[in-house]
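Welcome, and please open the structure in your viewer. We will take a short walk through it, one selection at a time.

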Amino acid sequence: MKKLAFFVATGFGLGLVAPVAHGTIGSFPGVVLAYLTTQLPVWAQIVAAALLALAAVPICGSAERTLGIKDDGRISADEWMLFPIALIGIPLADLPWWSMAVFFVIVRFVDIVKPWPCRVLQSIHGGLGIVIDDFFANLYSLGLNWLVVVFLLNPFCCASRSDGSGREPVKVIFDTDMLTDYDDIGAIAVLHALADAGECEILATVSSTRGNSSVAVCEVVNAWYGRPDIPVGCVRGIGVGGRPTTGDGNDHGKFSWLAAKYARFVKHPDSSQAPDALEVYRQVLSAHPDGSVTICTVGFISNLRRLVEAYPELVAKKVKLWVAMACRYPDGEEYNSSMDAESSRIAFEKWPTPIVFSDFDYGRWIFTGRRIAEDDNATGPVKELFSACLPARSECGETTYDRKEGHPSWDETAVLYAVRGAGDVFGLERGTYRMAPVGGRNVWKADPSSRDARIVEKLPKAEVGRIIDELMCRRPRSAKCGRGDRGR
C-alpha cells in the first residue's frame, strides 16, 4: 500500500523520471482526471474535488516521509489530484480542444507564482502543508479560468450555429401533443440541445392534449436539461384528451411510465392540472419584443386556434414565424392536422404571420434515434424512451415503419427549422395548406408569391438525420442530473 501511495504521489512515476519541471510533468494525469470530472453535474464536480483534495493529504504525506525531504519536487499528487478544482463548472465540451492546454498553463503559472496565502501555508508540516497551498492556488486558477472562458473563449460556446451568423438566440414556444408517437420527445431534446448551444431560448412548453401525462413529460425533460422553471400549459375546452391505449406501444402508456419514473420532476401529473395554455401564450408573448417569437407546433393545432381567435392583434404583433409539423403533401389526412380538424382549418385561415410546414412526407424518410438508443454512455428520459420503443435492428427492414437508422423524424425537423431556418439544410416551396370544409383532409396550394411555405429536400435526408442524432446525443450542459443521474 505504501508503494502504491508513493507511485500515485509522484504522478504515477512521471515526477521521478522527469529530468526537469517535475511538478509540471507530474501534473499531466490531472488533465485526464479534470476532463472526467467536468462530465459530471457541478455539484458532483465539487464533491469529487473535495474528496480528491482530502485524499491527497495522506498520499503526499506518506511520499514525503519516504523521500525524507520536505515537499520534494518529485511529489506531484498535490498538483494533479487538485487540478479538477480549477475546472469546476467550465463547459469543456463546448470549448475548442486546445482550451484544456490554456487552463493547464494558468494552473501551473499560479502554482509557481504562489499568490497569498499559498506561500505562507506551504510552511505547514506534513501532507497538509504540501496540499493546502495548491488548494488555494487552484481556487485562484478557477477564477482566472472563468475569466478566460467569459472574455476570450465565449464565442466558441456558440460555434455550433449552422449559419455562423452570431444572431440573437431564437425565442421559441414549443407546442406538443406528447400523446402517442415519441418523436415529440426527440424534438424537445433537440430544442434543449440547441438552447445549450446558445442558439435558442425556450420561452414555454405547452400541450395540445389534456387528461394525460403530456405536460408531465415536458417537465421531466425540461428539468433533465437543467430548465425546470420553463412555463408549461395545457389546452382547455377543445381538442383531444385522454390516454389512448392500443396495447401495441403506439399509445400513451410509455409517457405515463416515463412520468412516473421521473416523478420527482413532475409538478402536474395530469396535464389538465397545468395552467391554461392560452394564458401562458398571452403572458409570454406580451413579455417579449414585437416580431421576436417563433412558435413550433408538433402536435394538434387546438392551442393556436384559441390564441388567434382570442388575441389576433397580439399574434400579429409578437409572432415572427409559426413552424407547424402538420399536413400531408399534396393532399390527404395527417394526424396532427386532422385530429382537431376544425382548429386546423380556423388557425390556417386566420393566422396573420408566415407559416412554414414540415409536413408528413418530409419527416417520414428521415430516421433518427438509433444512435442515442444504443449509446451506452447516454442516460436519462430521452435515451430510455428511444431504447424502450425503437425496435431492434434485426426487426427493421426496407419496408418496416422504423428502420435500422431509427424512427421517422417529423417533429425533430420542425424544431431544427424553427431554430436554424433553411440555411444549407432545408429547401422551401412557396404555397400553403388548407383544410377541407368538412373532415380532416388537407390540400397543398402552390403559390410562388405566398408568405407561407413547406419544407422540401435540399441536404440529403440521411445527412439531416445525422445532424438531428448529434443534437439528441449531446449531454445537458447545466442539468441538475443529466451527467451523474442514472434515471433512478
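Before selecting anything, one term: a residue is buried when its relative accessible area is under 20%, exposed when it is over 50%, and partly exposed in between, using a 1.4 Å probe and protein chains only. This is a predicted model, in which local features need pLDDT of at least 70 and side-chain atom pairs count only at pLDDT 80 or more, while totals for chains, interfaces and linings use all residues. Residues are numbered from 1 along each chain as its sequence is written, and side-chain values use heavy atoms, with hydrogens and water left out.

**Stop 1: the whole view**

Show everything first. The C-alpha atoms fill a box of roughly 90 × 45 × 40 Å along the principal axes. Of the 488 residues, 57% count as buried. Colour by secondary structure and you can look for 22 helices and 14 strands; these are DSSP runs numbered from the N terminus, with helices (H or I) of at least four residues and strands (E) of at least two. Contacts here mean heavy atoms within 4.5 Å. Among contacts between residues at least 6 apart in sequence, 80% join residues at least 24 apart.

**Stop 2: a covered helix**

Now select residues 341-350, which form helix H17. How many of its ten residues are buried? The count is seven, and the helix is mostly covered. The buried ones are Ala-341, Ser-343, Ser-344, Arg-345, Ile-346, Ala-347 and Phe-348.

**Stop 3: the cavity**

A cavity is a set of points on a 1 Å grid over the protein atoms alone where a 1.4 Å probe fits but cannot get out, and its lining residues have an atom within 4 Å of a point. Grid points are joined across faces, edges and corners, and the volume is the space filled by probe spheres set on the points. One cavity of 30 Å³ or more turns up, and about 70 Å³ of space lies in the largest cavity. Select its lining: Ser-27, Glu-79, Phe-83, Phe-104, Val-107, Arg-108, Asp-111, Asp-134, Ala-137, Asn-138 and Ser-141. Helix H7 (99-113) and helix H9 (126-157) are the elements that give two or more residues to this lining.

**Stop 4: salt bridges**

Keep Arg-108 and Asp-111 from the cavity lining on screen. They form a salt bridge, with the closest N and O atoms 3.0 Å apart; the term means a side-chain nitrogen of Lys or Arg within 4 Å of a carboxyl oxygen of Asp or Glu. Both residues lie in helix H7, three residues apart, about one turn of the helix. Arg-108 counts as buried because its relative accessibility is 9%, and Asp-111 is buried too, at 8%.

Move on to Arg-227 and Asp-196, whose closest N and O atoms are 2.6 Å apart in another salt bridge. This pair links distant parts of the chain: Arg-227 sits in the loop between helix H11 (214-224) and strand E4 (232-234), and Asp-196 in helix H10 (residues 183-196), 31 residues away.

Finally, select Arg-370 and Glu-374, which meet in a salt bridge at 3.9 Å, N to O. Is each side buried or partly exposed? Arg-370 counts as buried because its relative accessibility is 5%, whereas Glu-374, at 41%, counts as partly exposed.

Terms used. 1 Å grid on protein atoms, 1.4 Å probe; cavity = no way out; pocket = protein on both sides within 12 Å on 5 of 7 lines; lining within 4 Å.
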